[in-house]
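Good morning, and thank you for coming.

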Amino acid sequence: MSALPFTEHLAGAYEAAAGSLPGAKDADVVARRKAAIAAFQRLGLPNHKLESWKFTGLNALERQQWTLPANDGSVDPARLQAAALNADSHRLVFVNGRFDAAASKIGSLPKGATLLPLSQAAGNLADVLAAAGDKREISLSELNAALASDGVVLLLEDGVVLDKPVEIISFGVPALVNLRHLIRLGAKAEATVLESYRDGGASEKLAGWTNVYAHVAVGAGARLAHIRLQAESDAAYHAALGRVSVGAGARYAHVSVQGGAALARHELHVDFAGSDAEVDVQGLVLAHGSAHLDHTLFLHHAVPDCRSNQLFKHVVDDHGHAVFQGGIRVAPQAQKTDAQQLSRTLLLADRAQIDTKPELEILADDVKCSHGASIGDVDAQQLFYMQARGIPVAEARRLLLSGFAYEVVNAVPEGALRDHVEAFVEGWLAANSEKGGLK
Amino acid sequence: MLEIKNLHATVDGKEILRGIDLTIKPGEVHAIMGPNGSGKSTLSYVLAGRDGYEVTEGDILFNGQSLLNLEPEERAREGVFLAFQYPVEIPGVANATFLRSAVNAVRKHRGLADMDAMTFLKTAKAKMKQLQMDEKFLQRAVNQGFSGGEKKRNEVFQMAMLEPKLAILDETDSGLDIDALKIVAEGVNALRSPERSAMVITHYQRLLDYIVPDVVHVLSKGRIIKTGGKDLALELEAKGYADIIADAA
């Protein structure tokens, strides 16, 4: 709990901005925001003393005097086009942490569907700002609740199916941006959501900090495909916490690709709220330079007859550092749980690092649980086979890395969405290969 | 085409090839036969330039140029092709992607422009038809989930696409039923020309019924102990390796 001036500085930033934040005239909202900033001041940034923050430190955040972004902002059309899906979508674009109506196109929605930027969802504000929990780990999400300037509210009533994906694009800026999302699917509703965090290109040198909180509720028998692409600038900081509850017979499929930022953590908590639900969480980390990219998961099997699968792949070059913490808790009553976990890593340089930690707490006796981890370089036999066909080593390695990543890319729903994620991964590999990396 | 001169090679410090001399002229097909452990596969890997296979003495000349200082990919681009005994599975990389990279690497070396996607597909599909391979294999990951026979067919398919000057077939017959063997042999024979040569490594004579060699060599303990015409293979089949090795000793 170091550097009081840091938390005080942010509390000051809140005071200055309070009047212009969504819900500034709503006494309940203001009270909630005040309580949140007080909680953040009390808790401070999470540090290494917390088990779940053992491998990822946020000290670098304290070295910068953070400002909240200026109100106005717009995105260069070419940059937007490069970041957007090449397909029809319900698109919400955020620049400077605020909804950019000109760049967005929410489009028409079926009856029973609500899709709004948080800044226009006055009736849902108090709900969206609700606390993520009551532990010390929530300090970042409390900071987020105090400062959230915008975000997405997606509500689907029972049985409502969205055919087109919801596309959330945020462009990072050299300031502290807080976005807060609420995604709630009623029984048997279906949706696909893509969250993209992109380099806003405002400055190559100045770091921005994007702090995201997402609350996701998947109703009974509902299906949600939730894709997350963290492609911030190499100087940026990115912290995200997602809390997901999954109802009986529902399916939640999450793919998280992190290929940007200097320091990033995506933490995801999934609670099984009803039996016979299925959760598939897959991740891909592409770390170069001195990037430190963290996935921390906690899957809580609280009820019987549910299945979960975690597959995380890491490509770490230069002196990059990847972290994977895969927590699974199977409660005593959660019999017939099937929970699988696999972490695979390719370390491409002497100073590249991975901390990979399974954390299984199994309190039921009739379960199928497994975990595994592998760490290595690209396979020498595969490399030789490609060379023996005339393929240059650099290209062969790039192809092998692409093949390694493909399993996760393949978990993204087929079509424009998968093409989009694949293009990002291939672009990352090609750019790093061209500048002599990935060896 | 290929001149192997007094070739000695070690693997993990152990000498496997102990003085091989062999010359293959353009258009010739040579068979290398021999019992298990005689060094047949080592010879193929040494020719392809695999890491860990160290040449300690002698030289390998390919069209007058020593291969020893060339990387595996450079040898491949010069026109040396090794059909693997155990083709390697590459999850996540489509056969088409892999092969197009290979074709274009070889074309670049020959001063030719990249083969565009349409031409590549057309050419590939025509070759696959000859080999009675389903076109779906183009989109599948390289060798992943292929049966033994499908893997071998895929090797010959790659060879047909890359049109090498020297094809080295390392036990391409192993794991093939007779129908698959005929198809694979036809694929190899289709490439035979006065400019191309082949080295067919096999344990059994039966492949040589379909790919008829000009010269047969018997390899034992890292040396060629006998060389003859195609009848030598039949003699081996009849008498077994033990007699031939005893005769030569």
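Which two strands form a hairpin with two residues between them? They are β1(B) and β2(B), and B:D12 in the turn has a positive phi of about 50 degrees. This is a predicted model, in which local features need pLDDT of at least 70 and side-chain atom pairs count only at pLDDT 80 or more, while totals for chains, interfaces and linings use all residues. Residues are numbered from 1 along each chain as its sequence is written, and chains are lettered from A and ligands numbered from 1 in the order in which they are written.

Strands (E, at least two residues) and helices (H or I, at least four) are DSSP runs, numbered from the N terminus. Two strands pair if DSSP finds at least two bridges between them. β1 (residues 2–11) of chain B runs antiparallel to β2 (residues 14–24) of chain B, with eight bridges joining them; B:L2 has B:I24 as its bridge partner. Eight bridges also pair β1(B) with β4 (residues 53–62) of chain B, in the antiparallel sense, and there B:T10 stands opposite B:E54.

In total, chain B has nine helices and twelve strands. Of its 249 residues, 43% are buried, that is, 20 or more other C-beta atoms, placed from the backbone, lie within 10 Å of the residue's own.

Finally, 20 residues of chain A are in contact with 23 residues of chain B, contact meaning C-beta atoms, placed from the backbone, within 7 Å. On the side of chain A that touches chain B, α8(A) gives the largest share, nine residues.

Notes:
Contact = placed C-beta atoms within 7 Å. Buried ≥ 20, exposed ≤ 12 C-beta atoms within 10 Å, placed from the backbone.
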